[in-house]
Amino acid sequence: MPQLRAGFGATRKPQSETQRLYFPNGLHDLWLMIDQSPLVLLLSHRLGGIVVRRQLAAVVLVPGLVGWLTLAGLHAHLYDVTFAIELMVLAVTTSLAVIVWLTARLLDQADAARRSAEEKLRELTVTDELTSLYNRRGFFQLSEAEMNRAVRKRWAVSAVYMDVDGFKNINDAWGHDEGDRALRRVASVLKATLRPTDIVARFGGDEFTVLLVASADEVEKILGRLHRNLESENVLSGALYNLNLTCGYASSEAEGYSLDSLLSAADVYLIARKRARGSLSTRPVAAAEQGRPLPRTASLGRSPMHG
């Protein structure tokens with residue numbers, strides 16, 4: 001068998017796999033024994049350690065105190081042995097009841113903390129970090145449920161697509177930090193304008209989407225209010241540029257439509273609006289040209305916000 005040369009010039013035979021791994025595995029096993037020992041659990045800051053310490057306190061203090069008082073009473077001939085035994089039984093029962101209560105209380109607190117952490121994690125997964133609006137995932141999760149409810153109750157539903165005009169120019173001229181500030185300003189205006197029941201999200205980049213339980217006429221009014229609020233923001237912000245939005249929306253009151261069909265129709269109109277500013281109408285053929293069918297009885301409208 002060939003020999004291996006060690007670092008200091010000594011020659012030795014290679015150790016077998018068992019020999020080579022025995023000592024590290026032994027240390028690992030020893031550490032596991034220590035880590036799982038009652039002393040480590042008692043000193044632990046985790047839930048198990050807290051439970052053990054409080055249970056031990058209940059086990060030691062209640063029976064110990066009652067036991068001492070019982071012995072003192074017997075020694076002073078205040079009562080007989082039968083009464084002393086009854087006191088001890090009462091002490092043990094009380095101690096067990098305290099242990100159960102402490103354990104249940106700690107587990108309830110741990111469960112509440114876990115639920116709170118899960119809720120915060122869920123919010124992070126559905127929230128856009130920059131604007132604090134819903135992200136794409138959050139939008140679809142809430143909108144699907146809202147669409148199902150609207151279909152059952154035969155409510156009118158509208159979807160709005162919008163993006164920020166000249167957003168690339170803002171980034172190029174004033175930098176990406178100012179671009180982020182512009183998106184936060186838009187998000188702030190949207191939150192101040194839209195109703196609490198409306199689902200508004202940043203889809204990515206400078207694109208925003210809203211789902212509203214509203215008819216086409218109601219959407220026109222809401223977008224008009226958004227336009228006025230955006231103008232006020234431009235006056236009050238002191239920024240060196242104005243924020244403008246281009247919007248396209250689709251509304252439907254018929255059964256058989258879906259969230260995707262509404263969003264597709266709104267996107268078609270947004271593209272048409274960006275190609276032909278100031279047009280008062282959109283030909284139905286525009287959707288066919290894009291290869292996206294309109295929802296049944298969809299009403300396409302234009303926002304007053306245009307360049």
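Guide: Let me begin with a cut-off: a residue is called buried when its relative accessible area is under 20%, and exposed when it is over 50%, with partly exposed in between. Please keep in mind that this is a predicted model.

Visitor: Okay, so is L223 buried or exposed?

Guide: L223 has a relative accessible area of 4%, and because buried means under 20%, L223 is buried. The residue is found in helix α8, which covers residues 216–237.

Visitor: And how far is L223 from V160?

Guide: Their C-alpha atoms are separated by 9.5 Å, although L223 and V160 are 63 residues apart along the chain.

Visitor: Switching to α5, what span should it have, and what does it have?

Guide: Helix α5 runs over residues 136–153, and at 1.5 Å a residue its 18 residues should span 26 Å, which agrees with the 25 Å between its end C-alpha atoms.

Visitor: Which residues of α5 are buried?

Guide: They are G138, F139, S143, E146, M147 and A150. E146 also forms a salt bridge with R149, at 3.1 Å from N to O.

Visitor: Why are those two about one turn apart?

Guide: E146 and R149 are 3 residues apart in helix α5, so about one helical turn separates them. E146 counts as buried because its relative accessibility is 14%, whereas R149, at 31%, counts as partly exposed.

Visitor: Where else is there a pair like that, 3 residues apart in a helix?

Guide: E178 and R181 are 3 residues apart in helix α7, residues 176–193, and are therefore separated by about one helical turn. They form a salt bridge in which the closest N and O atoms are 2.9 Å apart; E178 is buried at 18%, while R181 is partly exposed at 32%.

Visitor: How many salt bridges does the whole structure have?

Guide: The search finds 8. One of them joins D128 to R202, with the closest N and O atoms 3.1 Å apart. That pair links distant parts of the chain, since D128 is in the loop between α4 and α5 and R202 is in strand β4, 74 residues apart. Both D128 and R202 are buried.

Visitor: And which residues does K274 link up with?

Guide: K274 is linked with D163 and D165 in a network of salt bridges.

Methods
Residues numbered from 1 in each chain as written. Predicted model: local features only at pLDDT ≥ 70, side-chain atom pairs only at ≥ 80, totals over all residues. Heavy atoms only, no water. Helix = DSSP H or I, 4+ residues; strand = E, 2+ residues; numbered from the N terminus. Expected span 1.5 Å × (residues − 1). Buried < 20%, exposed > 50% of the residue type's maximum accessible area, 1.4 Å probe, protein only. Salt bridge = Lys/Arg side-chain N within 4 Å of Asp/Glu carboxyl O.
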